Amino acid sequence: MDISEPMLARAVEAEAGRQVGFLRADAQKLPFRDGIFDAVTSIAVLQLIPDAEAALAEMVRVLRPGGRMAIMVPTATSRGPAQLLSRGGARFFAEDELADRFEGLGLERVRSKTMGTMQWVRGQKP
């Protein structure tokens, strides 16, 4: 899922297959019913969404009880890719900010791990 038509076109070209589908949609207002997904993941996208809190709430909303969510975002550094992203308007999250937000949204078993320039946060819906 992506809101960008050019990014979706690239994804279709690279990964199209019988069991792969793509959808143009806004992560801040997901076009799905409550509690229908076993898992939700976001890889290096949340920092680009204007209302990241709304997107996180939507991701939790569409998770079924027992479902898991994992988010990866770049960490804030003064060098490398993060420096370029910050110049482009990307948001960076403090070390515990996303984990705290996961817990605030009711997720349990929340874990956060920083590896190099990337931070992973995961949790489970009760």
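Trainee: What is the mean pLDDT of the protein chain?
Mentor: The mean is 89, and 89% of the residues reach 70 or more. pLDDT is the predictor's confidence in each residue, from 0 to 100. This is a predicted model: local features need pLDDT of at least 70, side-chain atom pairs count only at 80 or more, and totals for chains, interfaces and linings use all residues. Residues are numbered from 1 along each chain as its sequence is written, and side-chain values use heavy atoms, leaving out hydrogens and water.

Trainee: Which helix has the lowest mean pLDDT, and which the highest?
Mentor: Helix α3 (residues 80-87) is lowest at 51, and helix α2 (residues 52-62) is highest at 97. Helices (H or I, at least four residues) and strands (E, at least two) are DSSP runs, numbered from the N terminus.

Trainee: Switching to α1. How many of its 11 residues are buried?
Mentor: One, so α1 is hardly covered. Buried means under 20% relative accessible area, exposed over 50%, partly exposed in between (1.4 Å probe, protein chains only).

Trainee: And Val12, where does that sit?
Mentor: Val12 lies in α1, which spans residues 5-15. Val12 is partly exposed, with a relative accessible area of 39%.

Trainee: New topic: β3 and β4. How many bridges join them?
Mentor: Six bridges join β3 (residues 108-115) to β4 (residues 118-124), and the strands run antiparallel. Two strands pair if DSSP finds at least two bridges between them.

Trainee: Which residue stands opposite Ser112?
Mentor: Val121, in β4.
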